[in-house]
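Good morning, and thank you for coming. Please look at the sequence and the structure on the screen while I walk through a few of the features.

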Amino acid sequence: MATYLDFEQKLKAIQDDIESAIIRGDTHAQEILQKALQKEITQVYSGMSDYQKLQLARHPDRPYAMDYIELILKDKYEICGDRHFHDDKAVVCFIGKIGEQSAVVIGEEKGRGTKNKLMRNFGMPHPEGYRKALRVAKLAEKFKLPLLMLVDTSGAYPGIGAEERGQSEAIAKNLQEFAALKTPTISIVIGEGGSGGALAIGVADRLAMMQYSIFSVISPEGCAAILWNDPSKLETATKALKITPDELKKLNLIDSVIQEPSIGAHRDKHNAAKAIEEYFLNELEEIKQDESYLDKRYEKLMRYGIFGG
């Protein structure tokens, strides 16, 4: 059953009416209601606040990494383990084909349902997850395969065990190694891009965000707690952080915003997956045509943090 947020309740009411008209066999009513639905979709999704976009990024029906991998990756084979500790299920790695292009895909997976969420640790990787990602990225480099990374985490796991096994070192190592990886790399934020947990697979030739995703140094909840010690400041914190794709594109912190279906990826995952596939293949072709892509990646990374007085 689909989940509707507070600001989507009118959409739910119209959709319920459409289903009733279908049961009655009333085609005239269906046509009228479909037009009303499209009009309401335009009104709802064109005037959202930053906080509403945050809610969409966390929507329980939003496609996760495995949803996209199932839809866009053919002949896939999963690669497991970091060869040091164990296999972190919060990070998934596959080799396969996107269209006719052989590729490696690394994603952060939150999981659905209580049992699966626990297995995936709610999409919060341990250091062995990032070490697995680096091992697989090096494999892609060895066999000259392009790399697609799907970012979706509230942050790296902050538990004692993760700290004991070198969480910060694992993230820092990935930043260093991914910056110099000798194969085309494309990273896409598909839901939440939280802090270092997102950056660890976010260094790439192209960094894009889905239209209703977020990318932030800290969660809005954490920001509100630190600055005001007041949970009611959540919406204020969300706006102040500038975590939406349009804001980050203006600041030149990301390269592209991938448009989602008019009703959002959480309602139309097939067309959302198609948008990701098309973006990957188009950008990959552009990167491959430029032999100096490594130099341009370095230049792009060095521009981060520059500001005018």
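I begin with strand β3, residues 101–108, which pairs with strand β4 in the parallel sense over four bridges. Helices (H or I, at least four residues) and strands (E, at least two) are DSSP runs, numbered from the N terminus, and two strands pair if DSSP finds at least two bridges between them. This is a predicted model, in which local features need pLDDT of at least 70, side-chain atom pairs count only at pLDDT 80 or more, and totals for chains, interfaces and linings use all residues. Residues are numbered from 1 along each chain as its sequence is written, and side-chain values use heavy atoms, with hydrogens and water left out.

Strand β4 also pairs with strand β5, residues 185–194, in the parallel sense, here over six bridges. Please find L150 in β4: G107 stands opposite L150, and L150 stands opposite I188 in β5.

How many of the seven residues of β4 are buried? Seven of the seven, residues 147–153, are buried, so the strand is largely enclosed by the rest of the structure. Buried means under 20% relative accessible area, exposed over 50%, and partly exposed in between, with a 1.4 Å probe and protein chains only. On one side of β4 the buried residues are L147, M149, V151 and T153, and on the other L148, L150 and D152.

Helix α4, residues 65–72, has six of its eight residues buried, so this helix too is largely enclosed by the rest of the structure. The six are A65, M66, D67, Y68, I69 and I72.

I turn now to the aromatic rings. A search of the whole structure finds one aromatic pair. The rings of Y45 and Y212 have their centres 5.9 Å apart and their planes at 35°, so the pair is tilted. Rings of Phe, Tyr and Trp (its six-membered ring) pair if their centres lie within 6.5 Å; planes under 30 degrees apart count as stacked, over 60 as edge-to-face and the rest as tilted. Y45 lies in helix α2, residues 27–46, and Y212 in the loop between β6 and β7, 167 residues apart. Y45 is buried at 8% relative accessibility, and Y212 is buried at 5%.

Finally, consider M48, in the loop between α2 and α3. M48 is buried, with a relative accessible area of 9%. Leaving aside neighbours within four places in sequence, M48 is in contact (heavy atoms within 4.5 Å) with F7, K53, L56 and Y212.
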